[in-house]
Amino acid sequence: MDLDKHSQKPVAPAEPGDAIRASDADRDRIADILRDALAEGRLDAEEHSERIDAVYRAKTLGELEPLVRDLPATRKRPDSPAYAYGPDEPAGPAENLVAVFSSSTRKGRWRVGRRTNAFSLFGSVEIDLTEALFGQRLTVINATAIFGNVEIRVPENISLRGSGTGFFGNFDVLTLEAADPEAPVVVVNGYSVFGNVEAKPKRGRFIADLHDRLRKHLG
């Protein structure tokens, strides 16, 4: 009798923990680690983008963990929130920027409302959000250009979306998707007739320390 053969019992397979379905919270945790790695220079922009795409395609924990295996874990700072949005309040009146055979500009340090209407008729409207303070996460800009121009500039690290039409004109919104899911979102809607509506990021401009900036501005 071969005692060695009989003494060996089949080993039960390990529980397939890697096959557990990933939750939204699991994906957000991995995305946070990747965001910090980008900020610290551990990943370049291309590597970060590739891994973020993989994060939100992942179905299981086994697909998520290899994406951060070569990175240190994120250390959270609960006392330093990245964004300091105010409490939800009923929407107030929209801010109106109108240029008729003239120009209208909004830039510098200002608090962005929930809605802004920009109208240009044989004129020019410039909206620069690169130093603005966002009191809420979602900001909507309704832009109309008739034989005129509406130009919108935003920081590079927010989300920018848009929907509109150009009739013998141009309606161009360069879509951005922020790495941080809590970053401000700017939506540009509208149309142009023999005119131009353009929204895009201003290179090299970022929202930084928004919490401290908003607190000082409102304090």
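This is a predicted model: local features need pLDDT of at least 70, side-chain atom pairs count only at pLDDT 80 or more; totals for chains, interfaces and linings use all residues.
1. In strand S11, Gly190 is the bridge partner of Gly164. Nine bridges join S9 to S11 (residues 185-193), and these two strands run parallel.

2. Now zoom out to the sheet. Five strands make up an open sheet, in the order S1-S4-S7-S11-S9, with parallel pairing. Strands S1 (95-100) and S9 (159-167) stand at the edges with a single partner strand each, so one side of each has no neighbour in the sheet. From one strand to the next, the twist averages 10°.

3. How many salt bridges does the structure hold? There are seven. One of them joins the side chains of Glu65 and Arg29, at 3.0 Å from N to O. This pair links distant parts of the chain, 36 residues apart: Glu65 lies in the loop between helix H4 (61-64) and S1, and Arg29 in helix H2 (residues 24-39). Glu65 is partly exposed at 32% relative accessible area, and Arg29 is partly exposed at 37%.

4. Next, look at Asp70 and Arg51, whose closest N and O atoms are 3.0 Å apart in a salt bridge. Is each residue buried or exposed? Asp70 is exposed, at 54% relative accessible area, whereas Arg51 is buried, at 18%.

5. Finally, Arg153 forms a salt bridge with Glu198, with 2.7 Å between the closest N and O atoms. Arg153 sits in strand S8 (residues 149-154) and Glu198 in strand S12 (residues 196-201). Salt bridges with shared partners join Glu151, Arg153 and Glu198 into one network. Arg153 is buried because its relative accessible area, 11%, is under 20%.

Terms used: Residues are numbered from 1 along each chain as its sequence is written. Side-chain values use heavy atoms; hydrogens and water are left out. Two strands pair if DSSP finds at least two bridges between them. Helices (H or I, at least four residues) and strands (E, at least two) are DSSP runs, numbered from the N terminus. Axes are lines fitted to C-alpha atoms, for helices over the stretch in contact, and angles run from 0 to 180 degrees between N-to-C directions. A salt bridge is a side-chain nitrogen of Lys or Arg within 4 Å of a carboxyl oxygen of Asp or Glu. Buried means under 20% relative accessible area, exposed over 50%, partly exposed in between (1.4 Å probe, protein chains only).
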